[in-house]
Amino acid sequence: MYTKDGESYFIVDAHIALWDARPENQRNIHGKQFIDCFYDYHRNLSPESEVWPYEDYLYQGGARLMKDLFEDGYVDHAIFQPAHLGAFYERGFGQTEEAFALAQAHPDKLTYNHFWDPRFEQAGLDQLRRDAERFGLKGVKLYTAEWHGDSRGYKLDDSWSYKYLEAAQELGIRNIHVHKGPTIRPLDRDAFDVADIDKVATDFPDLNFVVEHCGLPRLEDFCWIATQEPNVHAGLAVAIPFIHTRPRYFAQIIGELLYWLDENRIQFSSDYALWTPRWLVERFVDFQIPEDMTEYAPLTTAQKKKILGLNAAAMYDIPVPAELQLPREEPQAVAVA
C-alpha cells in the first residue's frame, strides 16, 4: 500500500518476472543480445539512483524480488508473466520453478501465470492442460515474436493459436496477456504487431486480452482496436518509465488510453526487474497532465487508484481491504413523469 496526501492506494504490479540471463544459461549470442537490450531500456529510462549494476541485472533471485516489491516497493500483490525464450536460454529466461515456488509460499502476495507456444501443436496443447491443473492458471503470457526452429514468430489468429485459446476458455484461463510492444534484440519488430488482437478479441469475447506495453510504438493502432473491443485492456509496462525521461510523452500515452478506453481497462506494472516499482508508484501518484495539453482531461485520484491496482485486482479476484476500495457509485434514479 502507498499513502500520499491522505490517500491510500492498493498496488497490484500486474507484470513481473524472475529471470536468469547469466552466461551459463545463455544458449547462444542471442541470449546476451536480449539481456543487453533489456539493460539498455533499464539504464536509459531509470533515474540514476535506480540503475542496477549489470551483474545484478542478469539474475535477481527470489529474496531480492520479495524485498524490492513488498518491502520497498509498496506492492500488495504481483503477477508473474514469464517469457520462455528457449531458443536463447538453456533453462528458459523466465524461471518457472523458482517463480511458482515463490507464489506457492506467498499466495497472498503472488500469482503465477505461465506461457504457451502454439507451434508445439498437439504436444503443447496437452502440456497446457497439465500446466493449467498444476499451476491453477488464471492467466498466461504470450510472446508472439519468440523464435522456434526456423520460425521467428506467430500470430494469435493462426489455426493452432485458436485451438489453444479454445482450450484456455474451456480450462478457465480467462486472462491472456500478450507482449505487443517495443522490440527487443534480436526479435523482429513486426512479430509484435497488434493487429491480430482485433480478430481474437471479437472471436473470444469471454477472454480478457491484456495488451502489455499497450502496443507501443503502435499506440494509435491499439487504441482504435481497444475502443471497439470491450475485452481488450492496456498494460503500462515499458510505457510508465517514460514518466521520468519524457513526461510529456507519457502524458500523451495515458491521455490517449483514457480517451479511447477508460480507467477500468488500464493496469499498472513495473515490468520488474526491468524497473522497480517504488519510484514508478511515487511518480505516478504525483503525475498530472500538463495544463497546456488541453486535449486531455486531468488525472483524478480515483483513476490513479484503479490503474495502480483496483483494475487488476478485479480481473484476478484479489481481495482488496474495504478501506482501500472506491465508494460504489449509486445508480441514478429515473424520474417518472
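This is a predicted model: local features need pLDDT of at least 70, side-chain atom pairs count only at pLDDT 80 or more; totals for chains, interfaces and linings use all residues.
How are helices H8 and H10 oriented to each other, roughly parallel or roughly antiparallel?

Helix H8 covers residues 219-226 and helix H10 covers residues 247-260, and the two pack with their axes 9 Å apart, at an angle of about 20 degrees. Angles under 35 degrees count as roughly parallel, and H8 and H10 are therefore roughly parallel to each other. If you look along the pair in the structure, H8 passes H10 in a right-handed crossing. On the H8 side you will find Leu219, Phe222, Cys223 and Trp224, and these meet Ile253, Glu256, Leu257 and Trp260 of H10. Sorted by class, this contact has seven nonpolar residues, one charged residue and no polar ones.

Now let me turn to a second pair, H11 and H12. Helix H11 runs over residues 277-286, and its axis comes within 10 Å of the axis of H12, with a crossing of roughly 160 degrees. Angles over 145 degrees count as roughly antiparallel, and so H11 and H12 are described as roughly antiparallel to each other. The crossing of H11 past H12 is right-handed. Val281, Phe284, Val285 and Asp286 make the contact from H11, while Lys304, Ile307 and Leu308 make it from H12. By class, there are five nonpolar and two charged residues in this contact, and no polar ones.

Staying with H12, which spans residues 301-316, we can pick out Gln303 within that helix. Gln303 has a relative accessible area of 15%, and because buried means under 20%, we call Gln303 buried. Once its neighbours within four places in sequence are left aside, Gln303 is in contact with Leu258, Glu263 and Pro298.

Not counting residues up to four places away in sequence, Leu165 touches Trp116, Leu156, Ile176, Val200, Phe204, Leu207 and Phe209. The C-alpha atoms of Leu165 and Asp286 are separated by 39 Å, and these two residues are 121 residues apart along the chain.

Finally, a word on the wider setting. An unreviewed UniProt entry carries the annotation "domain: Amidohydrolase-related" for residues 12-318. Over residues 12-318 the chain is 42% helix and 10% strand, and the end C-alpha atoms of that stretch are 9 Å apart.

Technical notes:
Residues are numbered from 1 along each chain as its sequence is written. Side-chain values use heavy atoms; hydrogens and water are left out. UniProt positions are given in the numbering used here, feature names are shortened, and annotations may be inferred rather than shown by experiment. Helices (H or I, at least four residues) and strands (E, at least two) are DSSP runs, numbered from the N terminus. Axes are lines fitted to C-alpha atoms, for helices over the stretch in contact, and angles run from 0 to 180 degrees between N-to-C directions. Angles under 35 degrees count as roughly parallel, over 145 as roughly antiparallel, 65 to 115 as roughly perpendicular and the rest as oblique. A crossing is left-handed if the near helix is turned anticlockwise from the far one by less than a right angle, and right-handed if clockwise. Contact means heavy atoms within 4.5 Å. Ala, Val, Leu, Ile, Met, Phe, Trp, Tyr, Cys and Pro count as nonpolar, Asp, Glu, Lys and Arg as charged, and the others, Gly among them, as polar. Buried means under 20% relative accessible area, exposed over 50%, partly exposed in between (1.4 Å probe, protein chains only).
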